[in-house]
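Hi,

Here is the structure I said I would pass on to you.

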Amino acid sequence: MALGPRLELRQGQALVMTPQLQQAIKLLQLSNLELTAYVEQELERNPLLERVDGEGSGDDNRDAFDVADGDAPVERLDLESDRSADKAREAMDADSDGDNTFNNDSGYDAANADIGLASNYIKGSGGDSRFDEEGGGLEQTLSENPSLREHVQEQWLLMPANAGDRLIGAALIDALDEAGYITEPLDDIAARLGIEADEVEAVLVDLQTIEPAGIFARSLKECLGVQLKARDRLDPAMQALLDNLELLAKRDIPGLMRICGVDQEDIADMVQEIRALNPKPGLLFGGEPVQTLIPDVYVRRANDGSWTVELNSDTLPRVLVNSRYYARVTRPEKTNGAQNSQLKQTKTYMSDCLNSANWLVKSLDQRAQTILKVASEIVRQQDAFLRHGVSHLKPLNLRAVAEVIEMHESTVSRVTSNKTMATPRGIFEMKYFFTASIAATDGGEAFSAESIRHRIKTLIDAEGADDVLSDDKIVEMLAGKGVDIARRTVAKYREAMNIPSSVERRRLKKAGLLKAG
């Protein structure tokens, strides 16, 4: 057969994603804040799009998408409690508290790089957080808090020192990091200033007396030592403990007792004193105001017991298409040849802008309705969780929601990405409600993995120093409640919550380093 060029016709099917479809898919997975930034870019690019800054800014000649104007998209769900499910899970709630609000933090922190049990040392932001009595807001109060360097410079100017020491102090203040530590070697600072390192060391000792105690330290050991010295608690035993912080990180209590020459009761008191210190005192100053998490969806309880699901309209962008401007720019006029060519180009450009603007408006509306559908179905599926708490969280996957709302799983996945839902139980990511299932021993309704983790944490929190539960014992207790779970699964969930093993918990609780139930 001779080789040569020829023409052939072939039929085939292929999925082609248009730019408009790609845009609609992209908008689905954006949070409200990210969506606002995207719409801002479109407003700059498209002359036919306008921002709606207030109510009544539109007119009859403008096609507007304004989800925040008037009532936001709302769906009301009238759900009857699943009594049979409540009875099946009643045993799971037997020793839970009434609020049953779950915090995924286990309370058992892994060892810090320098010192174990240190993650809960850091105190809240310093400064007065009260509102100004004359009407000032919280933001105004926070913005007036001095930074760490401003606070230190103010105190340093009040301390007696000569001109040379002032210069050295200024260099050390500049070397402070946000946690209050000196990260630059003193030899480098001395070389830069052309002096001896001993002179820098002498000024550093004076600066370490500035409040809060612990700043200008070069290591965690020195930071804690300065604070203990200020409290007149830096005795030889405590110094020995500071010299062996790596043993504390490993929770080697017998080793610390031997090195410090104290008994178990004394070492427990010493560790409690260490835990009361602040390993990063500089964070008390100059921090940015904490940004409040703004939910994308609100779930509220109605007076009749049903649930109301609505979008957070305050964070949704409000845009409109100015069709009057389009008509004015593209209306025919008597022109010569050159002007006619320019008018055609203008009409082509404005037509593209009009199509893009209309598609954006349509995509925004479709996004809002899709989020509302998915959120409403999640609320319907997790009605028991909203009423009774995390122990009643049902196992749920994307397919279950997609089948009910007649959408693809990928669409549900995009909708639930980067979205949060405010419920009476707190603010959760939408992904939180999708959990794996744990089978029931009697073949009944399965339990969600999140509710089992909560159950494990509750059992461990309630244990005493003399009756610490092993993983096998936890499996046995859960089996008595109808949960079919393997020991390795219990161990995996326990380790994911940073909860030590039963042997380590027993040693820590007897040493007073963990609170017994």
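This is a predicted model: local features need pLDDT of at least 70, side-chain atom pairs count only at pLDDT 80 or more; totals for chains, interfaces and linings use all residues.

First, the cores. The largest nonpolar core has 48 residues, and the members that touch the most others are Val297, Phe385, Met421 and Phe433. Helix H15 (residues 337-381) is the top contributor to this core, giving 14 residues. A separate core of 24 residues lies apart from it, with Met238, Leu248, Cys260 and Leu277 among them. If you want to click around from Met421, its contacts beyond four places in sequence include Pro295, Val297, Val299, Ala375, Ile378 and Phe433.

Next, two helix pairs. The axes of H17 (residues 398-405) and H18 (residues 409-416) come within 8 Å and cross at roughly 110°. That angle falls between 65 and 115 degrees, so H17 counts as roughly perpendicular to H18. On the H17 side the contact is made by Leu398, Arg399, Val401, Ala402 and Ile405, and on the H18 side by Glu409, Val412, Ser413 and Thr416. By class, that is five nonpolar, two polar and two charged residues.

Which residues of H17 are buried? They are Val401, Ala402 and Ile405. Looking down the axis of H17, these buried residues fall within an arc of 100°, so they line one face of the helix. Just after H17, Glu406 has a positive phi of about 60°.

The other pair is H6 (residues 163-174) and H8 (residues 197-207), whose axes come within 10 Å and cross at roughly 75°. That makes H6 roughly perpendicular to H8 too. Here Asp165, Ile168, Gly169 and Leu172 of H6 meet Glu199, Val200, Val203, Leu204 and Leu207 of H8. The class count for this contact is six nonpolar, one polar and two charged residues.

Finally, the backbone. Most residues other than glycine have a negative phi, and most peptide bonds are trans.

- Glu211 and Pro212 are joined by a cis peptide bond, with omega about 0°; Pro212 sits in the loop between H8 and helix H9 (220-230).
- Arg251 has a positive phi near 60° and is found in the loop between helix H11 (245-249) and helix H12 (253-260). Arg251 is buried, at a relative accessible area of 9%.
- Asn498 also has a positive phi near 60°, in the loop between helix H21 (487-496) and helix H22 (502-510). Asn498 is partly exposed, with a relative accessible area of 41%.

Cheers

Notes. Residues are numbered from 1 along each chain as its sequence is written. Side-chain values use heavy atoms; hydrogens and water are left out. Axes are lines fitted to C-alpha atoms, for helices over the stretch in contact, and angles run from 0 to 180 degrees between N-to-C directions. Helices (H or I, at least four residues) and strands (E, at least two) are DSSP runs, numbered from the N terminus. Angles under 35 degrees count as roughly parallel, over 145 as roughly antiparallel, 65 to 115 as roughly perpendicular and the rest as oblique. Contact means heavy atoms within 4.5 Å. Ala, Val, Leu, Ile, Met, Phe, Trp, Tyr, Cys and Pro count as nonpolar, Asp, Glu, Lys and Arg as charged, and the others, Gly among them, as polar. A nonpolar core is a set of buried Ala, Val, Leu, Ile, Met, Phe, Trp, Tyr and Cys residues joined through side-chain atoms within 4.5 Å. Buried means under 20% relative accessible area, exposed over 50%, partly exposed in between (1.4 Å probe, protein chains only). The arc is that of the directions from the helix axis to the C-beta atoms.
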